[in-house]
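Here is a brief report on one protein chain.

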Amino acid sequence: MLRTASMYRASSSLLFRNSRLASSLYARPVASTQNVLPSISRTYARSSDSKLSSFRTMATISGTPPPSSVAGNASSTMAKKAAKDKPDSRYSSTLLLPKTAFPLRSEAATREAGFRQRCTTDLYPWQRENNPGELFVLHDGPPYANGHLHLGHALNKLIKDFINRHRVMRGFKVDYRPGWDCHGLPIELKALNELKGKDRSLLSPMDIRTVAQASARAAIASQKTEFLSYGIMGEFENGYLTMDKDFETRQLKVFYEMMNKGLIYRANKPVYWSPSSQTALAESELEYKDDHKSRSAWVGFTMDKPSNSLASILPKGASLHAVVWTTTPWTLPANRCVAVHPKLSYTLFRSSNPLDSNTVYLAATDRMEEMKKRFSTQSADGSTSEVTLEPIGELLGEDLVGTTYRHPLTSEPLPFITADYVTADSGSGLVHTAPGHGMDDYKACWPLGIAAFCPVDNVGKFTAEAGADLEGLQVQNEGTAKVIDILKEKGSLIQEQAYVHKYPYDWRTKKPVILRATSQWFANVGSIKEDALKATEIVKIVPESARRRLEGFVQSRTEWCISRQRSWGVPIPVLYEIETDEPLLTKTSVQHIIDTVKEHGTDAWWTMSTEELLAPEYRNNGKTYRRGYDTMDVWFDSGTSWTMIEEKMPRPHLPYVADVYSEGSDQHRGWFQSSLLTSVALTGKAPFGTLITHGFLLDAKGFKQSKSLGNTVDPAVVINGGKNLQKDPAYGTDVLRLWAASSEYTKDIAIGKTILTQVAESIRKFRNTARFMLGNLDGFKENQQVSYEDLSRLDKFMLSEVYQFSKNVNAGYDEFMFNKVFTQLQYFTSTTLSSFYLDVIKDSLYSDAEKSLQRRAIQTVLFHTLNAFTRSIAPLAPHLGEEVYEHYRDCFMTPQPSVFRSGWLDAPESWNNAQLRDEFSALKHLRSEANQLLEQARTAKVIRSSLEATVEIQIMESLKESTAIDQELRSTNDVVINSSKGSTVSKGSLGGLLDSYADDLKKLFITSDVTVTRTPLDLSATTTMQHQDAEASLAATENGEDGEVFVREVLVPRVGSCKMVLRKATMHKCPRCWKYTSSVADTLCGRCEPVVAEL
């Protein structure tokens, strides 16, 4: 009977059907409570035998996806019908079915707790004492001891834990001491909030410090518990706190050493100042808002005495005004001069609006078009008046030196100066200069003896020095408005302009900051930054692109303001002479303070008398001193944490202090940089050998996670579940860990319910694959292994795959690319194992004699494979790794209490067999083609189980010339399949490969038989056949068979071509193994009969 053919692009399928064919499903009973199934396509049947009533049966249908959804639906239908099949109860007890107590479901929320201690608190001290390798130090960047942890904390700690666990398994002695940043504004503000019932003006620094310390300790205890719930291994009971006495002492020693090197100084210069926090800020404590709105002003500064060059071109009797633009009108009270570029051209001009021949303006020549806009006016109907400018003369900026002008608010005479930073890119080319409110202004004025003037207090309000009209006004709000009003009253305002631009904000309070000159303490970064950059040349940076970011921040920095106006922190160890305000900054004085802190802690700075803090030699020198109350920048606190390593674990032979630092990308201008600068200043070397940067968290839609948006993910909810477990299930710790491992953490990372569900599905598949291997290693002992030489080629191929897997996993860990490790685990378990090897070996595992060489060989391979899998996944999912190891540790001659004590991947070079990988690449291609035929036969309802079929592979041998496919093969020169045991399989030699594996093909295809035949074929006949219509071709093929067949022409690229013919098996079904290889109905096959007889 003729059927329509299914045509494919690469190779066509010719489908025939014979109604005589019947089928039955290949199924195996598997113990119920301990059944183990690999993660591949399966159908299941329930046993009717009372002893097997809770057993499932396995049926292999295909290791590859069906060619269409229709085929897939048909397969599903067949699977349902297969449930009605029942295994022969006479022989079910003779099968060696998988047996293990390892559960399919993880029940992680409860089961993980049983493995937590052995792989965390027990493991850390054991590896420090017993691991034979060198010391490996991953230095922890301290999180703030404030509030609960968020997902960013979890990601950060998990990346570190992956690294540490990998190193432990490789035999290193890992040192990892979690740290906490305990000082700083967030904790002080929390303390003040707790004291809000009290009058702040009556609070002493010790009142605040006492509450802040208690708050920090409470947060540390809470965070420690949360970190341990993530399965983090470390010395939590001996971590470091920046408020500990020994830490503060080391920090002051760093200050002392930098002071001795001339790197610490005091200056009255502009710093970033937060009115909302009432303290100076470092660059790293800022965040920039792109849409900040300012009221900018174009102001006419009345020029008083022109220079000779200017006077020579100025019309007689003219009133000259310099056009100045400022985005911060509130800084005008602090104006000290106007800056011009010495080589920039400036133009004197008259404006037609207002038409006043006696008024002349000055601006950069390149800004004349801008001046037309600024002198235009807008009428009531919204129209803009046309303005014309009349140039009078030009001169260079350097010719303006010697000119003075009147301060726009006070009429004080002030000078013009030159500065290279002035440009004609914006504004008027003349820059209002206030050295008390800008670093460029300060640098330009300082050499000229122009002092920084800052009439703004610490809460951002004008002082009396700004004038009676401005005193007490907030500079950025009503103060700005009042300045503009005064300018209008004086007739100096040319135009007000709304201006949207990028502006710095306090990263804690989210309020705008100002630049304000105050007396602060600084570290001279400019003198050491080149050494710092050089020290990073040997540092491995992950990702490498982050190197430019770090170098950019270091290169752009010249100084570091290290003083803060807070109570909760480490004091700047300086006393001041009351009469002169000169600081007492000597070796003797600072060392005495360090000794005092070492004994009493930093509270002594607030509780002891000034006399006690003063070194003895200064107590009777006729001078009176006061202590300062500035504290150190928290980045100086955490930036000196590397000293703990230098003190407790010195490794002077290394060109760095710690092996690894790993934090978020914001730390390039924070902890990474402060650590680098202080380490280079004292030791001359970088604090890190490897610097790893991770991104930030996004929701599933790619938006930044934010509490205000309500899109944050709580790690505690991921682990333990939410109030509604249907909505927020308890995934357990390992799912959280594998989410982190699967992410490309060097970029911003997404997480959401769908992503977590996918990760949970991955871990389910990992468990399923491990469970199958565990079940088939029941009773196996390490000393029962079969030697490599006695393994089959299939088993050797699998060990070659284990070798490649181990190599790729090692590369992923060594490169800190854990997502590559996760990808390898997914591919290895689902493709290499479940879809191929585990699918092929089931028959031998279940039906061969228990002690047969073939079965022991397979168990040997499974043992090595499970070792590789368990050890590879353990650093990422330690609870799963421990649970799997727990269920096969008895296989070892010397079992270990933990998988982390069992060593790392062990894949000898002898397993690396490129020949076998090439050969099996071609064989798996043939297997895939055979599966296509099997699926077509199932869809046609000719067979149900693959064991009901036999396959004939016909090698077409040309009598004249090769077919078109063979001609394609000739054009390829490379050899794909190399020799194996003396036989050479090269390009176009598919026949040689099939002859070599003739006895293995039925196992690979999971059919009852596979035969290889050679068919002489004349080229002309082949060409004619290819041009016949499908109907004639089918008829010609059917005429040679007595039953329905399925035919498929197959091309194995660069190896050869063949024709596959699938037929219904003609022999009888073995009631034990279900292969159609029995010569008599209802009798055991030649393989099963002796096995049963021996039982």
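Residues 24 or more positions apart account for 77% of the contacts in the protein chain with a separation of 6 or more. Contact here means heavy atoms within 4.5 Å. This is a predicted model: local features need pLDDT of at least 70, side-chain atom pairs count only at pLDDT 80 or more, and totals for chains, interfaces and linings use all residues. Residues are numbered from 1 along each chain as its sequence is written, and side-chain values use heavy atoms, with hydrogens and water left out.

The protein chain has 34 helices and 36 strands. Both are DSSP runs numbered from the N terminus: helices are H or I with at least four residues, strands are E with at least two. Of the 1095 residues in the protein chain, 57% are buried. Buried means under 20% relative accessible area, exposed means over 50%, and partly exposed lies in between (1.4 Å probe, protein chains only).

**Cores**

A nonpolar core is a set of buried Ala, Val, Leu, Ile, Met, Phe, Trp, Tyr and Cys residues joined through side-chain atoms within 4.5 Å. The largest one holds 151 residues. Within it, W739, F818, Y837, L926 and I953 touch the most other members. Helix α25 (residues 818–847) supplies the largest share of this core, 13 residues. A second, separate core has 71 residues, including V299, A322, W325 and L395.

Which residues does L926 contact, leaving aside its neighbours within four places in sequence? They are L990, L994, F1005, V1050, V1052, C1058 and M1060.

**Aromatic rings**

The structure holds 37 aromatic pairs. Rings of Phe, Tyr and Trp (its six-membered ring) pair if their centres lie within 6.5 Å; planes under 30 degrees apart count as stacked, over 60 as edge-to-face and the rest as tilted. Two stacked pairs are tabulated here.

| Stacked pair | Centre to centre | Angle between planes |
|---|---|---|
| Y240 and F247 | 5.8 Å | 5 degrees |
| Y442 and W446 | 5.7 Å | 25 degrees |

Y240 is buried, at 3% relative accessible area. F247 is buried too, at 1%. In the other pair, Y442 is buried at 9% relative accessibility, whereas W446 is exposed at 57%.

Ring pairs also link F162, Y745, Y813, F818 and W904 into a cluster. F818 is also among the residues that touch the most other members of the largest core.

The criterion is NZ of Lys or CZ of Arg within 6 Å of the ring centre and within 35 degrees of the ring normal. R167 lies over the face of F172, 5.9 Å from the ring centre. The charged end of K1069 is over the ring of W1074, 4.2 Å from its centre.

H437 lies in the loop between β19 (431–433) and α11 (439–445). Is H437 buried or exposed? H437 is buried, with a relative accessible area of 10%. A polar atom of its side chain lies 2.7 Å from the backbone oxygen of L515.

R1072 is in the loop between β36 and α34 (1088–1093). At 2% relative accessibility, R1072 counts as buried. R1072 and T94 are 978 residues apart in sequence, but 8.3 Å apart in space, C-alpha to C-alpha. Their side chains are joined by a polar contact of 2.7 Å. A polar contact is a pair of N or O atoms within 3.5 Å; within protein, one must be able to donate a hydrogen and the other to accept it, and residues adjacent in sequence count only if both atoms are side-chain atoms.

**Strands**

Two strands pair if DSSP finds at least two bridges between them. Strand β35 (residues 1045–1052) runs antiparallel to β36 (residues 1056–1064), joined by 8 bridges. E1049 has K1059 in β36 as its bridge partner. The two strands form a hairpin with 3 residues between them, and R1054 in the turn has a positive phi of about 65 degrees. β35 is mostly covered, with 6 of its 8 residues buried.

An open sheet of 3 strands has the order β26-β25-β27, with antiparallel pairing. β26 (583–584) and β27 (625–627) stand at the edges, each with a single partner strand, so one side of each is left without a neighbour in the sheet. Strand β25 (residues 575–577) is joined to β27 by 3 bridges. One of the bridge pairs is L575 with R627 in β27.
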